[in-house]
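Keep the viewer open as you read.

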Amino acid sequence: MFVLSSSDIRFEEEKLFSMGQTPLALMSIVGAMSALKFIEDFKNVCKVVAVCGKGNNAGDALALLYNLKLKGYDCSIYQPWGAATEECRVQRELCRSLGIEETSDLKSADVIVEGLLGVGFYGNLREETLKLIREINNLNKPIVSMDIPAGLNSDTGEPQPDAIRAAYTYSIGFLKRGYLFRQSYEYTGKVIVIDIGFPPPENGLKIFTSSDAKTLIKKKDDFSHKVEKGSLLVWAGSKQYPGALRLCLEGALNMGVGMSFSIVEDEFSILPPETIPIAERDFISNEIDEKISKKFRAVLIGPGLTNKRETFIKEFVSKTSLPLILDADALFPDIVDLIKDKEVVITPHEGEFRRIYKNDSDRVERFEAFLEQFPNITLVLKGPNTLVGKGSQKYVVPIADCDLAVAGSGDVLSGMIGALLSTGYDTLTASLLAVFVHAIIPEIARQKNMRVTRSSDLIKLLKALGGFENIIESCDFI
Ligand SMILES: NC(=O)C1=CN([C@@H]2O[C@H](COP(=O)(O)OP(=O)(O)OC[C@H]3O[C@@H](n4cnc5c(N)ncnc54)[C@H](OP(=O)(O)O)[C@@H]3O)[C@@H](O)[C@H]2O)[C@H](O)CC1
Ligand SMILES: [K+]
């Protein structure tokens, strides 16, 4: 599954048509596939009214209605402005041939299928359409929007100026870019992608699912020693934020690292018993025992560090050839140039990303622009629907879960990514797997009548649910 902009969707459609496919044939597939979803979503046979505009979005709604009528649903059409496209007229004739009648009585519907406007929408809503949209919303009936809730801009997720408030949006072929933005949620309801057989697109963001994650897990090697199992050096935390270090380390340890080291200001820092402390003064003056430094396989720098040691961190980052993960206080405004050719993951949230990369466009455009400009850096742009990418490989982990929005949640995540980096996963795979596991833990917890209320719960559940491999293997909801 992919997320595309409206222009990329048009491009992919044209490609299909140039290979001999026709809009009418696609519409028949939309009708059959969306009927399967509809029957899952509305199990009890009920009265369905399709509210239709003039274009092919209306054609999709009519194609769905035709299939629902065949399955015994009580169906009617409301199409106040008639049909303007050939495909729409054909679908309407098909509906008529099954005896589906017209109605203007929207109140009698149990469910409304909305086919007023899809990707053919441009500008602001016309007065009569806006009025109808508001009337439909005021009925307080469950609405299924075909492709896009009418009135919503599919690229920005903004209403123009109002939009249908759907319970379900059946997004045809691809997810629309606008659905990644928070403002779209109150209009789209649950978004379901209707697969109509598009081949993988040339552009767009890939939705990362459990089946993708399952293919990326490496087999365990029972003969590996503790360094091969993963050996991570963490430089995090401070007197002001002592918890950050602990959360990074516990996250890494519960991902299964064999060894962990931590740079500490004083020997009384409270570390997990498995972690080996390294005095900050020895690290900075390059006086660590070589036997120890040879054991590091990856380095995590940043969470809760405050802005101390900027010069040394930059110097270390420039010189080291170890895989790096930089988060929070290691994301200095000018860090990108120092790391652009390194094996590195950065994990900014929105605010940190603005600090290191100035660009006025929206979140997705900024993400894509950064990857294009710095193709060697793996970027994890945290937030609801975390974006993960490197060069032309761009992914969305499609989870927005408020239980992840707790202090320290990002520290746990950076420890988890660091752990996988240190076991030999490449930067992109380590990031995708860790972001995915971190994101699905709250939902798995809820399914087992538990709840994530603090970031240390993420760590405990990571272990209690059998480790990251088992969590991914048993995930069936995404
Ligand atoms: N292209 C394909 O092969 C497939 C498309 N599918 C479905 O089709 C729609 C896109 O259909 P299209 O006919 O291109 O456009 P729409 O139906 O979305 O909209 C066109 C009508 O909307 C009117 N319009 C446009 N802007 C406004 C506005 N601001 N306010 C009110 N009305 C507006 C426009 O009116 P005109 O007077 O300008 O003609 C049209 O009547 C796509 O979303 C899919 O649902 C299928 O998926 C199959 C393959
Ligand atoms: K629609």
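## Ground rules and the core

Let's start with burial: a residue is buried if 20 or more other C-beta atoms lie within 10 Å of its own, exposed if 12 or fewer, and partly exposed in between, with C-beta atoms placed from the backbone. A nonpolar core is then a set of buried Ala, Val, Leu, Ile, Met, Phe, Trp, Tyr and Cys residues joined through C-beta atoms within 7 Å. The model is predicted, and local features need pLDDT of at least 70, side-chain atom pairs count only at pLDDT 80 or more, while totals for chains, interfaces and linings use all residues. Residues are numbered from 1 along each chain as its sequence is written, with chains lettered from A and ligands numbered from 1 in the order in which they are written.

Which residues touch the most other members of the largest nonpolar core? Leu62 and Leu65 do, out of 143 residues in that core. Helix α16 (residues 427–447) gives this core its largest share, 11 residues; helices (H or I, at least four residues) and strands (E, at least two) are DSSP runs, numbered from the N terminus. Leaving out residues up to four places away in sequence, Leu62 touches Ala50, Cys52, Ile77, Cys88, Gln91, Arg92, Cys95 and Gly115. Two residues are in contact here if their C-beta atoms, placed from the backbone, lie within 7 Å.

## Overall layout

The protein has 18 helices and 19 strands, and its C-alpha atoms fill a box of roughly 85 × 45 × 40 Å along the principal axes. Of its 478 residues, 47% count as buried.

The domain assignment, which is automatic or taken from a database, gives domain 1 (2–203) and domain 2 (210–473). Their C-alpha centres lie 41 Å apart, and four residues of domain 1 are in contact with four residues of domain 2. On the domain 1 side of that contact there are two nonpolar, no polar and two charged residues.

## Around ligand 1

Ligand 1 is surrounded by 28 residues, and the closest are Gly55, Asn56, Asn57, Gly118 and Gly120. To be near a molecule, a residue needs its C-beta atom, placed from the backbone, within 6 Å of it. The shell divides into 13 nonpolar, 10 polar and five charged residues. Helices α2 (23–41) and α3 (56–70) each supply at least two of the shell residues.

## The sheet and β17

An open sheet of 12 strands runs in the order β8-β1-β10-β19-β18-β17-β16-β15-β14-β11-β12-β13, with mixed pairing. Two strands pair if DSSP finds at least two bridges between them. β8 (175–176) and β13 (275–279) each have a single partner strand, so one side of each is left without a neighbour in the sheet.

Now zoom in on β17 (residues 377–381), where five of five residues are buried. Ile377, Leu379 and Leu381 point one way, while Thr378 and Val380 point the other. Strand β16 (residues 344–346) runs parallel to β17, joined by three bridges; Val345 has Thr378 as its bridge partner, and Ile346 stands opposite Leu379. Strand β18 (residues 386–390) runs antiparallel to β17, also through three bridges, with Gly389 opposite Leu379. β17 and β18 form a hairpin with four residues between them, and Gly383 in the turn has a positive phi of about 145°.

How values were computed: Nonpolar A, V, L, I, M, F, W, Y, C, P; charged D, E, K, R; others polar.
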